Amino acid sequence: PTTIVDELGIALANLADNATGAFVPTLRLGVTGLSRAGKTIFITALVHNLLTMGRLPGFAAFAEGRFIGARLAEYPDATIPRFAYEQHLATLTGRPPEWPEGTRRISQLRLVLKFQSGKWLSGWRGPASLNLDIVDYPGEWLLDLPLLGLSYAEWSREALERAEGHGAEAAGFLEALGGVDPLAEASDLAAEHLALAFTDYLRQSRELGAMSTLPPGRFLMPGDLEGSPALTFAPLPPQQAARNGTLYAMLEHRYEAYKDRVVRPFFRDHFARLDRQVVLVDTLKALNAGPAAVADLETALTAVLACFRQGDVNPLLRPFSKRIDRILFVATKADHVHHTSHDRLEAILNRLVADAARRARFAGAESRSLAVAAIRATAEGTINEGGETLPALIGTPVAGEELDGITYDGKTEIALFPGDLPADPDSALKGEPPVMLNFLRFAPPSRLERNAAGDVVLPHIRFDRAIDYLIGDWLA
Ligand code: GDP
C-alpha cells in the first residue's frame, strides 16, 4: 500500500509532468491598482499560499481537500519581465522583515495548479491541471485609455484647462509654457524642458491630491520607458494648421507615437487578454485623508473602471474586446482596523465602486468587494484608557512613522486603538462626521509559524475568500 508520503511524492511528480500532451486551460488573472495600493504584496502572498498550501479555509478547493499542489512554471512569453516572487518573499521574511518595493511596470508569473474536480463523475477522470497566469500592472496605465479617443489638440485643451485650475501645483509648468512659442522651430531641448515641468506638475498634484493621478499614465509610472523620448511631450495651446518643423508639430507627433506604440499595445497585448481582474484600492488611506481624497479616489476609480466597460459599450475598447467575466474589488490593508470594522470597510468600498461603476456605465461582468489583508501585520488585543476597555491592534510601526508626536524606531511593539469605521457608508464617504483613524504603517509580521514542510505560514485577513472568488470556479 502507498503511504501518504508516497502519494504526495507521486502527486508532486505528476505536477512536474506536463508533457503528457493534454490540453491545459489557462486562466489569466490581472492584478492592478494605483501605486502603493498593495499589488506586490497581494501577488507574493497569493503565490506563496498556493505553493505551500497556506491556511485558506474559505478557499473551497483547499477546504474540500481537492487541491493537490502548485508549482511555478516557465512563462511562455520570454519577453515579458517575470514577477520577482522569490525576491519579494525573501524581503518579507528576512530578518528583520521588510516590505518589498512595489510595482513599477508590467510583470507576469505562471503557476500550474493541480486539483481534483469536485464535479459528478470527474473523480473517474483523475486530477486536472490549470495554468494560472498572474499579470501585475500599474493602474495608472489604465488612465490612458481615453487618450486613444483624443487628438493632441483635444487632449491639450483638457490638460491645460485643468492645469490652469490648479495654479499651485501647476505654477512651474505654466511658467515654462509661457516661455515657449508653439509655432517656433522644434527643439529637443524645449520639448524636454516642457515635459519635465509637466511631469513635475503631475507628480505634485498626486502628492497634494493624495490618490488620483492624471494621464499620461507613464509619466508617473514609466516602467521600462524611463527617460525615453516617447515620454518627452506636454500639452500646448491648440494651433490651427501648425507647419511641420514647429515645436507644436513635434509634440503632436510624439503624443501620437505614445498612443500608437505605448498605449495601444498595452491594451491589445496585455489588458485585452485577461479573463479575470482584481482591482486593489487603498480605501483606508483615502478615508483617513478626508472627503477631498475620497472624491479624488473616486475620480481615479471611475477612470480605471471605464476600461472594464465592454467593447460594445466603449468604442475605444472595441478593437481589443475580450470579456472579463469577474472583477474583484479589494480594500487592502484591512489589518489596519479592528475586525469589527471589516464588514464596514467592505460596505464602504462597495459604495465607492458602485457609484464609480454606474458612472462608467460598467456592465456585463460580475463583481464583488472584499476587505482583505494579504499579509496581516497586526494582532488584536485590548487597551485600557480612562477605565474604558478599547479594542486595539498590536504591531511594530515601521521606523520613522509618527503619531501624536511620537516617532517610532521600527523596533518597538505597540498597542494602538485604531478607531472605528462608521456603519453608514455614505457618512464615511462624505466624511460627516469625519472618519478619524489612527493610522500607522506596521512592519511585516516577524514571528511567523511554519507548516509541517517547514514553509512559513503567512497570516492574512479574508484572503481565502478573495482567492476563492478569483479562481475557485475554475477548480470546481
Ligand atoms: P504596489 O505599489 O501596489 O505594488 O503596493 P505594495 O504591494 O508594494 O504595497 C505598498 C505598501 O502597502 C507596502 O509597502 C506595505 O507597507 C503596505 N501593504 C500592502 N499590503 C499590505 C497588507 O496586506 N497589510 C499591511 N499591513 N500592509 C500592506
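Predicted model: local features only at pLDDT ≥ 70, side-chain atom pairs only at ≥ 80, totals over all residues.
The chain splits into domain 1 (23-137 + 273-375 + 451-475) and domain 2 (142-269).

**How the two domains meet**

- Taken over C-alpha atoms, the centres of domain 1 and domain 2 sit 32 Å apart.
- Where they touch, 19 residues of domain 1 are in contact with 15 residues of domain 2.
- On the domain 1 side, the elements that give two or more residues are helix H10 (283-289) and helix H11 (291-306).
- H11 gives the most to that side, with eight residues.
- What is the domain 1 side made of? It divides into 13 nonpolar, three polar and three charged residues.

**The nonpolar core**

- The largest nonpolar core has 121 residues, and Val330 and Val372 touch the most other members.
- Helix H9 (residues 247-269) gives the most to this core, with 10 residues.
- Which residues does Val330 touch? Leaving aside residues up to four places away in sequence, they are Val278, Leu280, Val281, Leu370, Val372 and Ala466.

**Around the ligand**

- There are 20 residues around the ligand, and Lys39, Thr40, Ile41, Trp99 and Gly102 come nearest.
- Helix H2 (residues 39-52) gives the most to this shell, with three residues.
- By type, the shell divides into eight nonpolar, seven polar and five charged residues.

- Helix H4 (residues 85-92) has Tyr85, His88 and Leu92 buried.
- Those three cover an arc of only 70° around the axis, which puts them on the same side of H4.
- Here's the background: an α-helix has 3.6 residues a turn, so residues three or four places apart point the same way.
- H2 and strand S3 (107-115) are among what covers the buried residues of H4.

- Ala128 lies in strand S4 (residues 128-136).
- Is Ala128 buried or partly exposed? It counts as partly exposed because it has 19 C-beta neighbours inside 10 Å, while buried takes 20 or more.
- Ala128 touches Phe115 and Ser117, not counting residues up to four places away in sequence.
- Ala128 and Leu475 are 347 residues apart in sequence, yet they are 8.6 Å apart in space, C-alpha to C-alpha.

- For context, most residues other than glycine have a negative phi, and most peptide bonds are trans.
- The peptide bond from Arg95 to Pro96 is cis, with omega near -5°, and Pro96 lies in the loop between H4 and S3.
- Another cis peptide bond joins Glu432 and Pro433, with omega about -10°.
- Pro433 lies in the loop between helix H13 (425-430) and helix H14 (463-471).
- Arg462 is also found in the loop between H13 and H14, and it has a positive phi of about 55° although it is not a glycine.
- Arg462 has 20 C-beta neighbours inside 10 Å, so it counts as buried.
- Met53 isn't a glycine either, but it has a positive phi of about 55°; look for it in the loop between H2 and helix H3 (60-63).
- With 17 C-beta neighbours inside 10 Å, Met53 counts as partly exposed.

How values were computed. Residues numbered from 1 in each chain as written. Core = buried A, V, L, I, M, F, W, Y, C linked by C-beta atoms within 7 Å. Buried ≥ 20, exposed ≤ 12 C-beta atoms within 10 Å, placed from the backbone. Helix = DSSP H or I, 4+ residues; strand = E, 2+ residues; numbered from the N terminus. Contact = placed C-beta atoms within 7 Å. Near = placed C-beta within 6 Å. Nonpolar A, V, L, I, M, F, W, Y, C, P; charged D, E, K, R; others polar. Arc of directions from axis to C-beta. Domains from an automatic or database assignment.
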